[in-house]
Amino acid sequence: MTLSPAREAVAADGDTGFSGVAEAAAALARGEVVLIAGEAGTALVAAAGLVTGATVRYLAAHGGPVGCALPGAWLGRLRIPAMVAGSDVHVGVAHRSGGAAPARTLRALADPGAQREDFRVPGPVFPTRTRELGVLENPGLADAAVDLARIAGVEPVAAFVELDVAAEGLPWVTVSELIAYRHAHERLVERAAVARLPLPHGGFRALGYRDLVAGGEHVALVHGELGRGAVVRVHVECPAGDAFGARHCGCARAVHDSLAAIAAAGSGVLVYVRGRRTLWAALTAHRIPDGSTDRVADQILRDLGVRG
């Protein structure tokens, strides 16, 4: 894969950060074609609302049939049926006033005011349904295309083809980079409950959080006013140690020591991240933090205005 000049310059400095996401989003907002790479393959993508005939011809010359990725809610509004029950790919459509011109159809699919009556079937453009949470729910190319459109500030509808022929010099981004970007820039937990919790170490506030991605529930135990110098601890749920004081791990002691350190400092927070395993699995095996632990803890600390 050949880097675009802007990204090549950033990569040469050894610090890519989110430059790939920013560059690709800016290009998409200008109506240009970008490349998205994922584990399942690579796709060429353009903002559907900005495509021209030349854009569609370029896409078609480098891949298969031109598809249109759009949220499930948009497909529901347009009442375009799936190819088969449960499929993400829906029947091909064409805009009634544009004949079989794919560019006109793509722009119409990206129009928030479009209605079912604006399209006829069959047609040359096959819509693909994406998930509500995008790549955070399904790390596929279609979901990544819609997520990038949202980041670009255009309607969340994207024309795309899976790449068959090499395309050089385009802005590009990986699905993994999009996932990391969304974790860093979006609020993915919500505060669901607050309660006073008197503990042997002192008075704490228990703030309950709901994970909007995985659906888990977590708790932040806050003591005093959080600010510079506040003690921050993160603990991953371990029922065997936390609840029953099992001797094969030091989890109970770790929680005790964390709360004591926070109370002694006068302010701080213990973020208690619940695991995703069943209770029995958690009791019969030592805790193993998964990849979501840091993400959840960082999101909660960000909501509280502190960094771990």
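Trainee: Before we start, what counts as buried and what as exposed here?
Mentor: Buried means under 20% relative accessible area and exposed means over 50%, with partly exposed in between. The model is a predicted one.

Trainee: OK, take α3 then. Which residues sit on the face turned away from its buried side?
Mentor: Arg57 and Ala61 are the exposed residues carried by that face of α3.

Trainee: And which residues of α3 are buried?
Mentor: Helix α3 covers residues 53-62, and its buried residues are Thr55, Val56, Leu59 and His62. Viewed down the axis of α3, they fall within an arc of 135°, so they line one face of the helix.

Trainee: What do the buried residues of α3 pack against?
Mentor: Their partners are β2 (41-47), α5 (102-109) and β6 (158-162).

Trainee: Let's follow α5. Which of its residues are buried?
Mentor: Ala103, Thr105, Leu106, Ala108 and Leu109 are the buried residues of α5. They pack against α3, β3 (67-71), α4, β4, β5 and β6.

Trainee: β5 is on that list. Where does Thr128 sit, and is it buried or exposed?
Mentor: Threonine 128 is in strand β5. Its relative accessibility is 12%, so threonine 128 counts as buried.

Trainee: What is threonine 128 in contact with, leaving aside neighbours within four places in sequence?
Mentor: Threonine 128 contacts Cys68, Ala69, Leu70, Leu75, Asp88, Val89, Ala142 and Phe160.

Trainee: Backbone next. Is the peptide bond from valine 121 to proline 122 cis or trans?
Mentor: That bond is cis, with omega near -5°. Proline 122 is found in strand β5, which covers residues 119-130.

Trainee: What about Arg79, is its phi positive or negative?
Mentor: Arginine 79 has a positive phi of about 55°, although it is not a glycine. The residue is in the loop between α4 (72-78) and β4 (93-95).

Trainee: Switching to helix pairs. At what angle do α2 and α6 pack?
Mentor: Helix α2 (residues 19-29) and α6 pack at about 80°, with their axes 8 Å apart. The two helices are therefore roughly perpendicular to each other.

Trainee: Which residues meet there?
Mentor: From α2 there are Val21, Ala24, Ala25, Leu28 and Ala29, and from α6 there are Leu148, Ala149, Ile151 and Ala152. The contact of α2 with α6 divides into 9 nonpolar residues, no polar and no charged.

Trainee: And how do α7 and α11 pack?
Mentor: Helix α7 (residues 175-185) and helix α11 (residues 292-304) pack at an angle of about 30°, and their axes are 10 Å apart. That makes α7 and α11 roughly parallel to each other. His183, Ala184 and His185 of α7 make the contact with Arg295, Gln299 and Arg302 of α11.

Trainee: How many of those are nonpolar, polar and charged?
Mentor: The contact of α7 with α11 has 1 nonpolar, 3 polar and 2 charged residues.

Trainee: Zooming out, what does the whole chain look like?
Mentor: Its secondary structure comes to 11 helices and 12 strands. Of the 308 residues, 44% count as buried. Among contacts between residues at least 6 apart in sequence, 67% join residues at least 24 apart.

Technical notes. Residues numbered from 1 in each chain as written. Predicted model: local features only at pLDDT ≥ 70, side-chain atom pairs only at ≥ 80, totals over all residues. Heavy atoms only, no water. Buried < 20%, exposed > 50% of the residue type's maximum accessible area, 1.4 Å probe, protein only. Helix = DSSP H or I, 4+ residues; strand = E, 2+ residues; numbered from the N terminus. Arc of directions from axis to C-beta. Contact = heavy atoms within 4.5 Å. Axes fitted to C-alpha atoms, helices over the stretch in contact; angles between N-to-C directions. Parallel < 35°, antiparallel > 145°, perpendicular 65-115°, else oblique. Nonpolar A, V, L, I, M, F, W, Y, C, P; charged D, E, K, R; others polar.
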